[in-house]
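Welcome, and please open your viewer so that we can walk through this model together. Have the selection tool ready.

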Amino acid sequence: MSDVDRVLIDLKGVSKAYQTPAGDFYALDGIDLQVRQGEFVAVVGKSGAGKSTLINMITGIDRPTAGAIEVGSRPIHRMSEDDVAAWRGRHVGVVLQSFQLLPMLTCAQNVMLPMDFAGLYGSLRERRQRALHLLERVGLEDQADKLPSEVSGGQRQRVAIARALANDPMLVAADEPTGNLDSRTADAVFEALEQLIAEGKTILMVTHDRELAARTLRVIHLTDGKISTVNGFGERIERMGVHAGAPLQLEGLSTDRFAALTTCLGNGLNGSPIRNRQSAIRNRQSD
Ligand SMILES: Nc1ncnc2c1ncn2[C@@H]1O[C@H](COP(=O)(O)OP(=O)(O)OP(=O)(O)O)[C@@H](O)[C@H]1O
Ligand SMILES: [Mg+2]
């Protein structure tokens, strides 16, 4: 099985109930979901639909009341809190709806924190270099030495995104990563996420932004804790101007778009002419 065929996230019958005076309230109710490595998945739905709860389950921040969650074949629902925290710190980049930067650390130090915890990237100097590079990626290289209170809300959000990338995670789970950003900055952040897909990462992104959701390869709609619809590959590929049976028209697609498309094809569109995503991207880049 090639990497792109691998199921990275596997949820079976996942429910999360909260006890309320009126009885159990199900924030998630029997979710079955599989996400393959390299997919870019948007999670949409009304406020209160269960989107953040779903992210919290998949990242092991919270535990389900029932069901099983495997991420990279690890049974997240059965691991101890310490083990989940260590696993998450090493393999998952989380951008929470409230960004949760540490107020007494500078932006760069916040980005270095996950590297420090996981003991990665050698010396302090190397960690700072890496943090500066990640901040540059989200357009914040000139804000590195400010405290979170000294930058804007949108800038704090971008620091949180840089921090999520600190340890080169296989999975990025982002809850409204563009929620407080103007459309141009949101676009830049989205493009940074698309670039991660080109690098083979997997992304789950909660968003209220329909346009951004439409640019991902799969959109999962949550309604009252249940998956109501999944818009999948076919529809999205058609939007890209590629139709079943027709030769692939790759001219004019940006490298990121091309990477997203080949990821999608590699993820199981039948008869895909492109099986090896990385070499396809390389070929494209050397065009
Ligand atoms: N600790 C809790 N106790 C009781 N109910 C909770 C708790 N946390 C969340 N809920 C409820 O679970 C439901 C799902 O919450 P969740 O935060 O996942 O929604 P969401 O889809 O992320 O909404 P939003 O778009 O507003 O962020 C909501 O109805 C919420 O009130
Ligand atoms: Mg939420």
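Start by selecting Val-71 and Arg-74: the latter, in β5, is the bridge partner of Val-71. A word before going further: what you are looking at is a predicted model.

Now widen the selection to strand β4 (residues 66-71) together with β5. These strands pair in the antiparallel sense, over two bridges. Next, bring in the rest of the sheet they belong to: it is an open sheet of four strands, ordered β2-β1-β4-β5, with antiparallel pairing. Look at its edges, where you will find β2 and β5 (74-75); each has a single partner strand, so one side of each is left without a neighbour in the sheet.

Is helix α1 buried or exposed? Select residues 51-58 to see: eight of the eight residues are buried, so the helix is largely enclosed by the rest of the structure. The buried residues are Lys-51, Ser-52, Thr-53, Leu-54, Ile-55, Asn-56, Met-57 and Ile-58. Just after α1, stop at Gly-60, which takes a positive phi of about 75 degrees.

Ligand 1 is the next stop. Select the residues around it: Tyr-18, Phe-25, Ala-27, Gly-45, Ser-47, Gly-48, Ala-49, Gly-50, Lys-51, Ser-52, Thr-53 and Gln-97. Two or more residues of this shell come from each of β2 (23-36) and α1. Which element gives the most to the shell around ligand 1? That is α1, with three residues. Colour the shell by residue type and you will have four nonpolar, seven polar and one charged.

Now move to the other sheet on this tour. Select its six strands, which form an open sheet in the order β6-β7-β8-β3-β9-β10, with mixed pairing. At the edges are β6 (92-95) and β10 (226-231), each pairing on one side only. From one strand to the next, the twist averages 15 degrees.

Zoom in on β6 and strand β7 (residues 171-175): they run parallel and are joined by four bridges. For one residue pair to pick out, take Val-94, whose bridge partner in β7 is Ala-173.

Finish with helix α6 (residues 183-198). This helix lies across β3 (40-44), β7 and β8 (202-206), and runs at about 150 degrees to β8.

Key
Residues are numbered from 1 along each chain as its sequence is written. Chains are lettered from A and ligands numbered from 1 in the order in which they are written. This is a predicted model: local features need pLDDT of at least 70, side-chain atom pairs count only at pLDDT 80 or more; totals for chains, interfaces and linings use all residues. A residue is buried if 20 or more other C-beta atoms lie within 10 Å of its own, exposed if 12 or fewer, and partly exposed in between; C-beta atoms are placed from the backbone. A residue is near a molecule or strand if its C-beta atom, placed from the backbone, lies within 6 Å of it. Ala, Val, Leu, Ile, Met, Phe, Trp, Tyr, Cys and Pro count as nonpolar, Asp, Glu, Lys and Arg as charged, and the others, Gly among them, as polar. Two strands pair if DSSP finds at least two bridges between them. Axes are lines fitted to C-alpha atoms, for helices over the stretch in contact, and angles run from 0 to 180 degrees between N-to-C directions. Two residues are in contact if their C-beta atoms, placed from the backbone, lie within 7 Å.
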